[in-house]
Amino acid sequence: MKKRRLKMLVVVLSVLVIALVPFGLFVKKIMQPPLQIPPVVQLTICTLSDADTERWQKVKKLKFDDATYLIAVEQQASADALLKTLVDDGTAWGYNVSESDIKRFNDSLGKDVKTKKGIELLDIKYIEGVDSRFAVADIYDSTKPSEEETSDITTLAKAVYQSYKKVQ
């Protein structure tokens, strides 16, 4: 009788182990976060000279952990045209624009300027901490504090410029 109970106990425990292992693997698979595919973002670099345009056209795509950036290059005839493009686009970057041009342009901006997407423009700002001169449209983003947004752009600008230098 004891042998029979022992055999039944072994059989029951074996069935439980056999049933729990696949169930545990199933639960583990369900609990894993889904595979995150980073977004693909179009980044337009506006330049003033033929040489800058030619160099930037060598940079096609930049991959980072948070996103993949497809680089498009537009050459503008003047600093004012370049800065106007930054205002219209809202997300484009100007390359090799002088601080004096940016200051003059900001002084000439009126109140309540909006991008083509209807986002309020604060001004054009110069990204500091990068070896080269980048200018970006400082648009109003109610979801991020201004300092956090500036930090994100500066970090991205450094990474973009480093990738640009590697291609040269």
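Trainee: What is Ile 45 in contact with, leaving aside its neighbours within four places in sequence?
Mentor: Taking contact as heavy atoms within 4.5 Å, Ile 45 touches Trp 56, Ile 71, Ala 72, Val 73, Glu 74, Trp 93, Tyr 95 and Phe 134. Bear in mind that this is a predicted model, where local features need pLDDT of at least 70, side-chain atom pairs count only at pLDDT 80 or more, and totals for chains, interfaces and linings use all residues. Residues are numbered from 1 along each chain as its sequence is written, and side-chain values use heavy atoms, with hydrogens and water left out.
Trainee: How many residues does the largest nonpolar core have?
Mentor: The largest nonpolar core has 19 residues, and Ile 45, Trp 56, Ile 71, Trp 93 and Phe 134 have the most contacts inside it. Such a core is a set of buried Ala, Val, Leu, Ile, Met, Phe, Trp, Tyr and Cys residues joined through side-chain atoms within 4.5 Å, where buried means under 20% relative accessible area with a 1.4 Å probe, protein chains only.
Trainee: Which elements give two or more residues to this core?
Mentor: They are strands E1 (40-47), E3 (68-75), E4 (93-95) and E6 (134-139), together with helix H5 (146-167); the largest share, 6 residues, comes from H5. Helices (H or I, at least four residues) and strands (E, at least two) are DSSP runs, numbered from the N terminus.
Trainee: And the chain overall, how many helices and strands?
Mentor: The protein chain has 5 helices and 6 strands, running α-β-α-β-β-α-β-α-β-β-α from the N terminus on.

Terms used
Buried means under 20% relative accessible area, exposed over 50%, partly exposed in between (1.4 Å probe, protein chains only).
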